[in-house]
Amino acid sequence: MRQLLLNNAGVKVARMPAPVARPGEVLVRVCYSMVSVGTEVATLRPSPPVEGERGIDKVVAASSLAHHYLKAAIANPGLAVKRVKQIAQMQVVKWVPRRPRPPAADHVLGALSWSQDNATSFAGKAPTGLSLTTDASDFHYQARSAVIRVSPGHMVAVDLKGHLSPGVMSLGMLDAGGQRWLGLSVLAAGELDDRFIFDPQGETEVRLVLANAQGGITQLELSQVNTTLLAPDPHGTPQNEMDAAGWNLGYSAAGEVLATGAGVTDLAPGDWVACAGAGKANHADYVAVPRNLVCRVPAGLDLQIAATTTVGTIALQGVRRAEAALGETVCVIGLGLLGQITVQLLLASGCTVIGMDLDPLRLQRALDAGMQQGAGSPEALAALVRDLTGARGVDKTLMVAATKSDAVINLAMDITRRRGAVVIVGDVGLNVQRSQFYRKEIDLLMSTSYGPGRYDPSYEESGQDYPFAYVRWTLNRNMQSYLDLAAQGRLKIGSLIDEVVPLDQAPALYDRLARSAAAPLGVLLAYPDPAMPPPQPLDSSRVALRGHRKPQQGPAQAVLVGAGAYGQSMLVPMMERHPRHFFLRGVVSRDTVRGGNFVRERRLDIFATDLAPVLEDEAINLLVIATRHNEHAAQTLAGLQAGKHVFVEKPLAVHWEELDQLVQAYRALEAPPQLMVGFNRRFSPALLQLRQILQGRRSPLIINYRLNGGYIPLDHWIQTADGAGRNIGEACHMYDVFRSLAGAPVSRISASSINPGALPYARSDNFVATLAYEDGSVGNLVYTALGPKKGLPKERIEVFCDGEAYLIDDFKSLTRCSDGEVLWKSDQADKGHAEEMRLFGEAVAQGTDPVIAFDEIVETTAVALHVEDLIFGRTDA
């Protein structure tokens, strides 16, 4: 499918996998979506021009910024890629004319001639190679190619093979004059075998540049440097899709239901619906939206009007908050689209409406729609209100303007009568002058978006409706009310829709809106007629993106399932430390923006919103699962049954039934793939060394493990059904540490938790669990969220054995207590992530026994589930 993304260069139409309907969601094929001309375009509006500044000055400034960011990121090549791409490939494109895409063929240019810049040694290698040693600069050109002449519409592909060591370099492309960056990629240390694709952005002559990117002396040996001009794709798909990163847009859409998730019984495929919600009802061919943010469109209502439902519902909630009564005089400040709909709603309620807007055209449109009086300035509005109300003031004032100025709210206080009401609907400054507010005893009210239920996860995400008798107008019921009013003809919304633009023309539309002084009110994006066959499938839940890294043979071909912070910042970097064992091919993520940005930043080729098409891919042999805890068991089971190796971030399961299914399925496999659960602490240097010391022990162990976890609010996902609480979600680490030290199965478990009463504390993160093992050892865990965030380390382990004691302090040191000797120490906590991933990679590559025995993984999971039952009183000890 296609989705709009906003970045520093403007708006792009990016290819994305289609979403799937999760439980409680509705999958919708979008027919129209509404552009928020104010908020969506605001970031694209050009800064006020600097006198004497030319277009080339902007280009040079952007190139300078690219230099600055690359130099500043010497310790983080990933950051260098991110920053420089944003500047050199996105910002600069704003000053480049659009180019035609005529049909053409690829042109293989073959070997290039290179010239030496700052490299301390430099030599060509027949027939197409290159060898150089860099200087020690942070960022200097080391060598540059001869000029490459680019045919119109073509991209430049560079194929490299060789080796780089040590450090990091960059391969970039400049215009022939060397004043403008056109693209940059980082070359990491190790073997090089990849293709890099650059967009010349309209330039007909370019050069390639090899430069330092991290400082220090680096040796680059290239056996092959070949260049090809890639012809435009006949369907318009870019040859390199890695630059289509950014933020999603849109929050109001209408279309046809394609599928419903489990639990949605009142809608069916073929129904026409309106959708709401930022990050949900996006500008995209398909959207998956929670049921409470979806509303049925009344029969006969134009879908273009239905696409305005979100904006209309915001206006409706503002009117409800004002409690505008029949016959009252109400003022609306700000007559953009939201203000225009507000005026119509007030008129339909039998109110006398006065409006103000600085734009005379908007003011006249409201008057033409029936608004009784209007003013074009604050002074004129104050005089008008004085004369029409006998100097009493209006009954209610709705602020629908968007301005950071405090003048609007204080104007509202001035024109509103004693004991009247002022309602904040738009984004305005809130520095209220006390005198009028206090003297008139005015009610100042905030209207929160679409109405009751907005921003409540239990309502929006979990689908828990509010009782009709007690909350008459929820978010969803407001949406339905707006649609009904429009269908009855009591609102004239069609007159407010000024433009309907095809989705493919959206980049030009946003560019025009950003440069236009007079913006239209209602702008819709239109999507293809479903009766017309698309040039390529739009509804696939998996796409292969162009411009990706060249797949490497040998390492496990991995896919990251879940593109959250832990997977991106911990698991993927750990895999990247071991390129002989892991090659990341793609990501499965329901969040097309977060997942898509990560895929493009890492130049991965597979992006999917559903696990099923990845399981069917025989080239993929490893799943790295980092989704929310309640999804681990089902995804692990699916992976194992599909013959994939699985690394699943803990826990393995959150319910007994899930664990039983996994055990039965695993034991039924003739040759089960590798299964690893992320119990990383047993692989920390401190615990590895301690286990070695304890190998010849005579006595059982007494292990005291204290974890000062810090408070997490009860509505955080960790504490909900998604996370299953901290005993299951994190204390399983501690139970695995006990098992690895004791080296014997557990024989007895007891546990007690605090009784929080009415206080906002959870039993499952304030408890004590004691485990006895068959070798006589005992492990005691004190897990608490009641401690301080500062002044006390998070984790402390004391181990007693054979007249000696050992202390592990926050995984930064291991100390023998009898003489105080520090046996291991580090400035940074090392909890074993890197060693865990290395051992797992070797096991996958060599087909050896699992790093952690399956029975131990099951036992640790069962211990966590049993402790959970004990602390909640669901079983006897």
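Rings of Phe, Tyr and Trp (the six-membered ring in the case of Trp) are taken to pair if their centres lie within 6.5 Å, and the pair counts as stacked with planes under 30 degrees apart, as edge-to-face over 60, and as tilted for the rest. By this rule the count comes to ten aromatic pairs. The structure is a predicted model, in which local features need pLDDT of at least 70 and side-chain atom pairs count only at pLDDT 80 or more, while totals for chains, interfaces and linings use all residues. Residues are numbered from 1 along each chain as its sequence is written, and side-chain values use heavy atoms, with hydrogens and water left out.

One of the aromatic pairs is formed by tyrosine 459 and tyrosine 466, a tilted pair with 5.0 Å from centre to centre and 45° between the planes. For burial, relative accessible area under 20% means buried, over 50% exposed, and in between partly exposed (1.4 Å probe, protein chains only). Tyrosine 459 is therefore buried at 0% relative accessibility, whereas tyrosine 466, at 22%, counts as partly exposed.

A further pair consists of phenylalanine 582 and phenylalanine 840, which is stacked because the planes stand at 20°, with the ring centres 6.4 Å apart. Helices (H or I, at least four residues) and strands (E, at least two) are DSSP runs, numbered from the N terminus. Since phenylalanine 582 lies in strand 31 and phenylalanine 840 in helix 21 (residues 833–846), the pair ties together parts that are 258 residues apart in sequence. Phenylalanine 582 is buried, with a relative accessible area of 5%, and phenylalanine 840 is also buried, at 1%. Elsewhere, ring pairs link Phe139, Tyr141 and Trp181 into a cluster.

Two strands pair if DSSP finds at least two bridges between them. Seven strands form an open sheet with mixed pairing, in the order 29-32-31-30-33-34-35. Strand 29 (542–544) and strand 35 (675–677) are at the edges, and each has a single partner strand, so one side of each is left without a neighbour in the sheet. From one strand to the next, the twist averages 20°; axes are lines fitted to C-alpha atoms, for helices over the stretch in contact, and angles run from 0 to 180 degrees between N-to-C directions.

Within this sheet, strand 33 (residues 622–625) and strand 34 (residues 645–648) run parallel and are joined by four bridges. Isoleucine 625 stands opposite valine 648 in strand 34. Helix 15 (residues 592–602) lies across strand 30 (556–561), strand 31 (582–588) and strand 32 (606–608), and runs at about 175° to strand 32.

Helix packing can be followed in helix 19 (residues 685–693) and helix 20 (residues 725–742), whose axes are 10 Å apart at an angle of about 30°. That angle makes the two helices roughly parallel, a term for angles under 35 degrees, with over 145 counted as roughly antiparallel, 65 to 115 as roughly perpendicular and the rest as oblique. Leu687, Leu690 and Arg691 of helix 19 make the contact with Val737, Ser740 and Leu741 of helix 20, where contact means heavy atoms within 4.5 Å.

Finally, leucine 521 occupies the loop between helix 13 (506–515) and strand 28 (522–526). Leucine 521 is buried, with a relative accessible area of 6%.
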